[in-house]
Amino acid sequence: MGGDVGMGIDINQPIFVISVAAELADMHPQTLRQYDRLGIVSPSRAPGKSRRYSQRDIDRLREVQRLSHEGVSLEGIKRILELENQVAALQFRVAELSEELQRRRSPIEARIFAAGTAGDVVSLARGQRPRARSQAVVVWRPRPGE
């Protein structure tokens, strides 16, 4: 997931005023204000409260327009966009968990344990011998998938 388009422009950077955003999205500025009020596409706000749109916002406005022309209601569009965001967040989380699972599945070295004098279990480093008189040594190797 990159934030760059073309010549190093950050697609998340809010740089377009409403008139430019409306022109880029081929919409009337009043339509953009309505979408903002409805929470469909909510741009960033500059210090003077003016709206600033990013390239991502413009892309989203174009998607709203496409769905609208296909006959989807504004409430339907809002729900579709919410679900798309939720799916993207879940896909990101699945990727994170898959990486973690892969790390945990990587080969784990065998571990060596011995019985201590009090009957306790003592972990031994590789090459280390039990200190006590106990000769009981157990080698533990994880099964694949553990």
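Of its 146 residues, 20% count as buried, meaning under 20% relative accessible area with a 1.4 Å probe.

This is a predicted model, in which local features need pLDDT of at least 70 and side-chain atom pairs count only at pLDDT 80 or more, while totals for chains, interfaces and linings use all residues. Residues are numbered from 1 along each chain as its sequence is written, and side-chain values use heavy atoms, leaving out hydrogens and water.

As for confidence, the mean pLDDT (the predictor's confidence in each residue, from 0 to 100) is 83, and 77% of residues reach 70 or more. Where pLDDT is low, the predicted coordinates should not be read in detail.

The fold has 4 helices and 7 strands, taken as DSSP runs (H or I, at least four residues; E, at least two). Along the sequence they run β-β-α-α-β-β-α-α-β-β-β.

Helices α1 (residues 18-25) and α2 (residues 29-38) pack at about 100°, axes 8 Å apart, and are therefore roughly perpendicular (65 to 115 degrees). Here Ile 18, Ala 21 and Ala 22 of α1 meet Pro 29, Leu 32 and Arg 33 of α2, contact meaning heavy atoms within 4.5 Å. The residues of this contact divide into 5 nonpolar, no polar and 1 charged.

Conventions: Buried < 20%, exposed > 50% of the residue type's maximum accessible area, 1.4 Å probe, protein only. Axes fitted to C-alpha atoms, helices over the stretch in contact; angles between N-to-C directions. Parallel < 35°, antiparallel > 145°, perpendicular 65-115°, else oblique. Nonpolar A, V, L, I, M, F, W, Y, C, P; charged D, E, K, R; others polar.
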